[in-house]
Amino acid sequence: MYTERMAAAAEDWEVVRVRVKKCEGLLPPEFRAFAVDPQITSFEVLQHILIRAFDLSSKKNFAISYLSAEKPGQEVYLSLQSDWDLDVAFSSLSRAHLQLKVDIKPSEDSPLLEDWDIISPKDVIGSDLLTPEKRPFTASSLPLTQSIISQNGPLLPWGL
């Protein structure tokens with residue numbers, strides 16, 4: 001929670017130590033630490049520091065968040081998207097230490113599947129290699145599924 005005491009403390013700090021955790025899918029997290037002057041560090045400058053620290057020049061989509069203690073013992077990462085957010089992050093520090101998290105978002109042309117994808121048995125690797133006796137359910141259910149869809153249209157789980 002923002003207080004005048006914290007704002008005054010932030011103004012007194014000439015240097016704020018920054019600890020950053022980079023998260024990218026299933027890869028293990030990477031960590032970096034550096035220091036910034038809160039009086040002259042803008043959001044754009046912070047972005048450039050993070051790009052250089054983690055070599056993010058080829059990764060255009062990443063989100064930055066900072067660790068905020070909402071209540072004693074309860075910590076939450078809040079989005080950091082502007083100079084105003086950065087000022088709030090600096091002013092809410094209880095000590096000269098800012099903890100950031102960088103989440104790398106998959107690019108548009110990423111081969112990874114996101115959310116839900118509908119696949120057919122033909123999409124499964126090696127499904128055409130199965131002999132008819134090893135795929136009786138797939139072989140018999142495909143015409144039935146296609147028949148239901150052609151008669152009724154796509155089925156949607158309305159109860160969800």
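This is a predicted model: local features need pLDDT of at least 70, side-chain atom pairs count only at pLDDT 80 or more; totals for chains, interfaces and linings use all residues.
The chain has a mean pLDDT of 74, with 54% of its residues at 70 or more.

Strand β1 (residues 16–23) pairs with two other strands, β2 and β5. Its pairing with β2 (residues 30–36) is antiparallel and comprises seven bridges; within it, Val-16 lies opposite Val-36. The two strands form a hairpin in which six residues separate β1 from β2. Gly-25, located in the turn, adopts a positive phi of about 55°. The pairing of β1 with β5 is parallel and also comprises seven bridges. Here Val-20 has Leu-100 of β5 as its bridge partner.

Both Val-20 and Leu-100 also belong to the largest nonpolar core, which contains 22 residues. Together with Leu-50, Leu-80 and Leu-98, they touch the most other members of this core. Two or more core residues come from each of β1, β2, α2 (43–54), β3 (62–71), α3 (83–91) and β5 (97–104). Strand β5 is mostly covered, with six of its eight residues buried.

The surroundings of Leu-100 include residues of several parts of the chain. Excluding residues up to four places away in sequence, Leu-100 touches Val-18, Arg-19, Val-20 and Lys-21, as well as Leu-46, Ile-64, Ser-65, Tyr-66, Tyr-77 and Leu-80.

Technical notes
Residues are numbered from 1 along each chain as its sequence is written. Side-chain values use heavy atoms; hydrogens and water are left out. Two strands pair if DSSP finds at least two bridges between them. Helices (H or I, at least four residues) and strands (E, at least two) are DSSP runs, numbered from the N terminus. A nonpolar core is a set of buried Ala, Val, Leu, Ile, Met, Phe, Trp, Tyr and Cys residues joined through side-chain atoms within 4.5 Å. Buried means under 20% relative accessible area, exposed over 50%, partly exposed in between (1.4 Å probe, protein chains only). Contact means heavy atoms within 4.5 Å. pLDDT is the predictor's confidence in each residue, from 0 to 100.
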